[in-house]
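Please go through the notes below with the model open beside you.

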Amino acid sequence: MDSIKVFCPGSVANVSCGFDVLGIALDEPGDIMTVEKIKEPKVVIEHLDAFNLPTEPEMNVAGKAALAILEDLNPGFGFKITIDKKIHPGSGIGSSSASASGVVFAINQLMDQSIDEAQQMEYAMIGEYVASGSYHADNVAPALIGGIILIRGYKPLDYIKLPTPKELWMTVITPKIQIRTYDARRVLKRRVELKDAISQCGNLAGLIAGIYTEDYDLIGRSLKDVLIEPQRAALIQGFDELKASAIAHGALGSGISGSGPSVFAMSRGEDPARNVAAGFDKYYSLNGHPEKVSFRKAVIQSLAPDRGLYFPEEIPQLDAALLSNFRKMDKADVCTEAIAGFVGGDIPKEELKRIVSETINFPTPVVKVNDRIHTLELFHGPTLAFKDVGARFMARCLQYFLKDENRKTTILVATSGDTGGAVANGFLGVEGISVVILYPKGKVSPLQEKQLTALGQNIKALEVDGNFDDCQDLVKAAFIDPEINEKLGLTSANSINVARWLPQMFYYINALQQVPEDASVTFCVPSGNFGNICAGIMAQQLGFPIHHFVAATNVNDVVTRYLSGEEYQPKPTIPTLSNAMDVSSPSNFVRIEKIFGGREAMKKILSAYRFDDAQTQAQMKKTYAEDGYLLDPHGAVGLGYFLVSKKAPDSILLGGDKKEDSASIAVDGMSGVVGGLAGTQVLDKDDDDDDSENEGGSPLLNSFSDEDLENESDKPKDSTQNNNNTAGLAVAGAAAGVAAQNSPNQKEAKNTQSTKADSDGDGVPDSEDNCADVAGILENKGCPEVNLSADEKEAFNKAVGSVEFETASAQIKNSSLSKLDQVVSILKKHPEIKLSVFGHTDNTGDENKNLELSKARAESCINYIKTKGIAGDRLSAKGFGSSRPTADNSSEEGRKENRRVEFNLY
């Protein structure tokens with residue numbers, strides 16, 4: 001035989017308590033080596049890999065071992081050694097030993113097995129010395145003869161091959177760092193404590209006894225290293241987390257493989273071993289931090305150390321058979337398979353299915369709006385918010401991760417609306433987790449406040465005397481405070497967290513299950529923070545058949561402008577009717593950029609458009625009047641794509657030659673909801689940190705019949721049909737009352753009852769008035785008491801006299817913000833002056849409602865002025881409502897008296 005090709009396996013040395021005396025061979029990885037006889041008695045080295053290892057025989061571990069054989073045995077020929085190295089040098093799994101042992105084994109075969117086993121090990125140790133600077137056999141012995149090897153002594157070499165327990169499996173994780181064996185040995189102390197030596201001897205004896213008796217519990221108890229691991233662990237960033245993750249996933253024990261950086265885990269059985277492997281390092285920071293973490297750690301940490309969002313290292317691909325048959329499968333089964341690749345082994349499959357089933361145990365129906373548009377309703381969960389899905393999934397994941405840990409975890413959230421309610425409900429009663437929700441005083445609806453404050457148990461809601469920004473400032477201050485983090489174990493529950501973001505894929509998948517198989521589906525998603533639409537894109541990346549996405553934004557349109565060719569340049573946030581989408585710099589967009597890698601690739605899958613408030617109101621009225629479907633402002637922005645783009649079906653839905661071959665779905669997360677406001681009573685901007693993502697509205701689809709829908713409801717309905725939920729009915733009823741101003745059934749009545757044609761006395765007929773509500777001022781009584789010039793007084797009175805609000809709402813009309821800016825300029829010029837705002841409201845017959853809305857309007861003015869840099873101690877707000885006699889609403893003067901907001905300087 002003149003040539004031989006051999007496989008040289010990697011190995012795990014030390015095995016925790018067996019420093020330099022215990023080693024285990026691995027099935028994989030391993031080097032491939034070809035050794036040929038050559039006429040000249042010398043050694044020639046060739047590498048097929050890119051590791052740039054030396055080819056001079058004296059400097060190469062394989063070459064050095066071969067030279068020793070030539071010198072001792074003088075066979076009369078030489079060797080050409082070709083090495084295809086598969087084991088990364090410096091990885092800690094016997095890279096150098098594999099090459100040294102492999103060449104000795106191959107040469108012995110070429111020399112008719114004339115070298116005995118013990119002598120082969122001696123030659124391999126000579127090669128190993130080149131890499132490590134010492135003669136040791138705990139890697140070369142198992143690499144050479146396989147199995148589990150105990151080195152009893154070196155002078156003379158004495159080794160024992162131990163039996164291999166039938167169910168023993170090894171998992172090895174290798175961080176992308178390199179540690180040279182020589183360097184790892186230099187950090188070790190030369191002396192050890194007697195008590196530690198005794199403990200280490202006991203562990204090694206216990207491990208060997210467990211191996212012989214196949215006592216897996218004893219093996220697990222004995223895999224402890226009190227001598228070497230404490231000294232080397234600091235060389236491996238994240239070692240403690242890797243070890244903890246292995247144990248959490250079912251490993252008997254875990255430790256450093258050889259000199260590191262690889263970490264091994266020993267398990268009983270293949271399934272636990274594969275669970276351990278699947279649980280390691282799937283996520284990295286989009287800001288570039290080098291540490292990679294498991295799904296478990298990404299969920300608990302929420303953000304990377306550099307404050308970057310976590311993103312999966314790979315987007316898994318689902319089985320083709322599943323993608324062909326998913327419409328016939330149970331929705332929980334499909335969603336479990338979809339999320340499993342992102343979770344890995346951190347949660348066992350059966351447990352994951354339970355979590356998914358509990359997360360989506362309410363309907364998300366695709367409902368017909370008209371012949372060409374359907375809406376995916378996401379407001380049927382326990383808190384009537386689309387965020388129920390993500391909050392419930394995250395809560396159950398955290399509960400599983402923390403069930404056996406004696407650690408405190410606190411979910412800290414700032415909210416001005418539905419996020420707080422969804423998080424509170426999702427985490428209610430979860431052991432080991434406390435939830436603290438900060439919300440601004442007077443800035444949430446009564447229903448939302450009850451959702452936050454009435455639960456008790458582990459939910460604590462704190463009312464902050466300020467606005468949402470004040471709440472968010474407190475949250476951010478807590479997250480960057482190391483002492484608070486350490487004491488409370490803080491984590492976030494907004495869409496930046498992967499366990500809040502990724503499960504939003506579920507309702508896109510469920511929507512596809514409800515539409516015809518041959519439909520080419522485009523989802524149009526009202527988008528603020530872009531977490532919702534990003535989850536839909538991830539579902540598409542998994543292989544689910546989604547043709548296109550449209551991001552519907554309000555005038556906060558940085559993504560729309562970017563996709564049209566402009567630079568990505570966020571502008572100051574502008575308040576709108578679709579307030580949950582008032583996000584000027586969406587944090588989840590960085591994930592979308594990562595998916596596509598650039599603008600041109602993104603534009604093939606994602607389009608975007610903007611919709612202003614006037615268009616939003618027009619769409620709400622149009623859809624209710626023509627289709628009988630009630631939209632909130634967020635849903636109207638989504639549905640509005642078909643209003644502003646007459647070519648929408650042809651330009652977006654490219655799946656077929658005929659329109660009936662396509663489908664458009666509007667993702668509707670807020671119709672009739674938003675904490676009970678239904679889009680007609682928006683109190684405040686709900687940009688809960690990174691969680692304002694809307695993402696209300698509805699995905700948009702085109703032209704399939706009710707008979708084709710395989711969902712919970714196969715008849716057209718509007719959002720008033722909310723499973724008899726009292727809050728939902730009350731909200732939808734109120735919204736319908738406003739929207740019905742333009743309904744065909746009321747037009748004739750308005751024409752014949754002229755006294756009601758202009759209900760707010762602003763000179764604009766109700767049929768043409770989008771707001772039908774003016775808050776004016778009759779006279780400013782405070783000006784004479786302050787030092788203002790006549791021009792300043794006139795400017796002040798003129799400005800505040802024209803501040804207007806949206807209908808039955810505390811939302812200031814965009815057109816009035818410039819008026820308040822004039823007030824701000826006066827306050828900045830006169831720092832000695834303070835301002836009080838008094839709200840008055842229509843006589844609705846309900847004192848509480850009058851008082852609540854009047855105060856909310858006054859506070860809206862105050863909050864806007866505070867955003868311009870005016871200190872809060874210079875400002876105050878009060879509401880009167882029916883706490884004072886109301887004027888007669890039948891006269892214009894009386895209506896203005898009851899609806900005004902009064903500004904007093906003092």
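1. The protein chain has an accessible surface of about 37000 Å², and carbon and sulfur atoms hold 49% of that. Areas come from the Shrake-Rupley method with a 1.4 Å probe. Of the 906 residues in the protein chain, 58% are buried (under 20% relative accessible area, 1.4 Å probe, protein chains only).

2. This is a predicted model, where local features need pLDDT of at least 70, side-chain atom pairs need 80 or more, and totals for chains, interfaces and linings use all residues. Residues are numbered from 1 along each chain as its sequence is written, and side-chain values use heavy atoms, without hydrogens and water.

3. The chain averages a pLDDT (the predictor's confidence in each residue, from 0 to 100) of 77, and 77% of the residues score at least 70. Residues 647-662 fall below 50, with 38 contacts beyond near neighbours in sequence (heavy atoms within 4.5 Å). Residues 669-785 are also below 50, with 377 such contacts. Where pLDDT is low, predicted coordinates should not be read in detail.

4. The protein chain holds 35 helices and 25 strands. These are DSSP runs numbered from the N terminus: helices are H or I of at least four residues, strands E of at least two.

5. Pairing requires at least two DSSP bridges between two strands. Six bridges join β7 to β9 (residues 263-268). Among the residues bridged, Val 172 partners Phe 264 in β9.

Methods: Buried < 20%, exposed > 50% of the residue type's maximum accessible area, 1.4 Å probe, protein only.
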